[in-house]
Amino acid sequence: MSTGAMHIRPATAADAALILRFIRELAIYEKAESSVQTDEAGIRASLFAPDAKAFALVCEVAGEPVGYAVYFFNYSTWLGRNGLYLEDLYISPGHRGRGAGKALLQHIARIAMDNDCGRFEWSVLDWNAPAIAFYEAVGAKPQSEWTVYRMQGEALRKFAAG
């Protein structure tokens, strides 16, 4: 998608360092920098391998990368249809408020529609008031009746081992 000087394109393996930089910037913003455990090789392997299950987009303004998004398809048994889950959407601070985030979100909504998805979902930290206001302004509704649970690292290894 291109709008004037704004362009959204699928990321390529050559963007691994850029995506990692954006991931680190997002982690700093979310006060979780130490949680980033991947590197460029991990990004290349997970997003650009022939059997990759997640996909990335890069948003550029006047040829300069200003943000990215990562998404994947999930499934709803209740709808009997695939859905699209937005893992990350990030615009560098100096480029916020100019429509790049909305354009990226709309681009992904079109991907969801093009793939006959019944849902387009994502999570937002409860303290991130600017993001919450943005999402609600474009018509998204919080799903407050659901609580996300996570198992990772040693807990996941122990549980999987029985």
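Predicted model: local features only at pLDDT ≥ 70, side-chain atom pairs only at ≥ 80, totals over all residues.
**Helix packing**

Two packed helices are described by the angle between their axes and the distance between the axes. Here the pair is H1, residues 16–29, and H2, residues 40–47. Their axes come within 9 Å and cross at roughly 105°. Angles of 65 to 115 degrees count as roughly perpendicular, so H1 and H2 are roughly perpendicular to each other.

Which residues in H1 and H2 meet? H1 brings Ala16, Ala17, Ile19, Leu20 and Ile23. H2 brings Glu40, Ile43, Arg44 and Leu47. By class, this contact of H1 with H2 has seven nonpolar residues, two charged residues and no polar ones.

**Strand pairing**

Strand E4 pairs with E3 and also with E5. Both pairings are listed below.

| Pair | Residues | Direction | Bridges |
|---|---|---|---|
| E3 with E4 | 54–61 and 64–76 | antiparallel | eight |
| E4 with E5 | 64–76 and 81–91 | antiparallel | 10 |

Specific partners can be named in each pairing. Cysteine 59 stands opposite glycine 67 in E4. Tyrosine 68 stands opposite tyrosine 90 in E5.

**Turns**

E3 and E4 form a hairpin, with two residues between the strands. Alanine 62 lies in that turn and has a positive phi of about 50°. E4 and E5 also form a hairpin, with four residues between the strands. Which residue takes a positive phi in the hairpin of E4 and E5? Glycine 80 does, with a value near 65°.

Conventions. Residues numbered from 1 in each chain as written. Heavy atoms only, no water. Axes fitted to C-alpha atoms, helices over the stretch in contact; angles between N-to-C directions. Parallel < 35°, antiparallel > 145°, perpendicular 65-115°, else oblique. Contact = heavy atoms within 4.5 Å. Nonpolar A, V, L, I, M, F, W, Y, C, P; charged D, E, K, R; others polar. Pairing = 2+ DSSP bridges.
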